[in-house]
Amino acid sequence: MLKFKFLLWMLTKLLQRAVKTKPACAKYVDGKKLVFQIQTIDGIGRHFTIQNGKITSTGGLTQAPQFSIVFKDAASGYAVLSSKEGKDAFLTALREELLVIKGDFVEVMWFQGLTEFL
């Protein structure tokens, strides 16, 4: 569980660094307003806010995210998010029901585009 929480915290830092160091990433998030969360079924997670060209996150869940990425458990979440396979690991997790996406799928696709800058 601690690895999963740490990975979510690091994701924030990596995204923030990408916005600061990659002009294309800064342009990608410019004008975007989005709140989403990555969590486990039992409620362990972190919510992220993209607004005014900045990315922030807070431990815990929010009441009204535009989408949620929900993993079966922390171990599955860590395995998928840290996988070198990237999109393939994500799609495999969806197929094997280790991962469920709730909410606005268009925003999930936008987020997938953001992760390309990592």
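Tutor: Helices (H or I, at least four residues) and strands (E, at least two) are DSSP runs, numbered from the N terminus. This is a predicted model in which local features need pLDDT of at least 70 and side-chain atom pairs count only at pLDDT 80 or more, while totals for chains, interfaces and linings use all residues. Residues are numbered from 1 along each chain as its sequence is written, and side-chain values use heavy atoms, with hydrogens and water left out.

Student: In which loop is E97 found?

Tutor: E97 has a positive phi of about 60° although it is not a glycine. At 64% relative accessibility, E97 counts as exposed (over 50% relative accessible area; buried is under 20%, partly exposed in between, with a 1.4 Å probe and protein chains only). The residue is found in the loop between α4 (87–95) and β5 (99–103).

Student: Is N52 buried or exposed?

Tutor: N52 lies in the loop between β2 (45–51) and β3 (54–59). Its phi is near 55°, a positive value in a residue other than glycine. Because its relative accessibility is 67%, N52 counts as exposed.

Student: What is the order of the strands in the open sheet?

Tutor: Strands of a sheet pair through backbone hydrogen bonds, either parallel or antiparallel. Here two strands pair if DSSP finds at least two bridges between them. The open sheet has five strands with mixed pairing, in the order β3-β2-β1-β4-β5.

Student: Which are the edge strands?

Tutor: An edge strand of this sheet pairs on one side only. The twist averages 15° from one strand to the next, where axes are lines fitted to C-alpha atoms, for helices over the stretch in contact, and angles run from 0 to 180 degrees between N-to-C directions. The edge strands are β3 and β5.

Student: What is the bridge partner of F36 in β2?

Tutor: Strand β1 (residues 34–40) and β2 run antiparallel and are joined by six bridges. In β2, the partner of F36 is F48.

Student: Which strands does helix α3 touch where it packs on the sheet?

Tutor: Helix α3 spans residues 74–81, and its direction makes about 110° with that of β4 (67–71). Contact means heavy atoms within 4.5 Å. The strands touched by α3 are β1 and β4.

Student: Within what arc do the buried residues of α3 fall?

Tutor: In α3, A74, S76, G77 and V80 are buried. Seen down the helix axis, these buried residues line one face of α3, because they fall within an arc (that of the directions from the helix axis to the C-beta atoms) of 160°.

Student: What is the relative accessible area of I55?

Tutor: I55 is found in strand β3. Leaving aside its neighbours within four places in sequence, I55 is in contact with L15, Q16, V19, V29, T49, I50 and L114. I55 is buried, with a relative accessible area of 5%.
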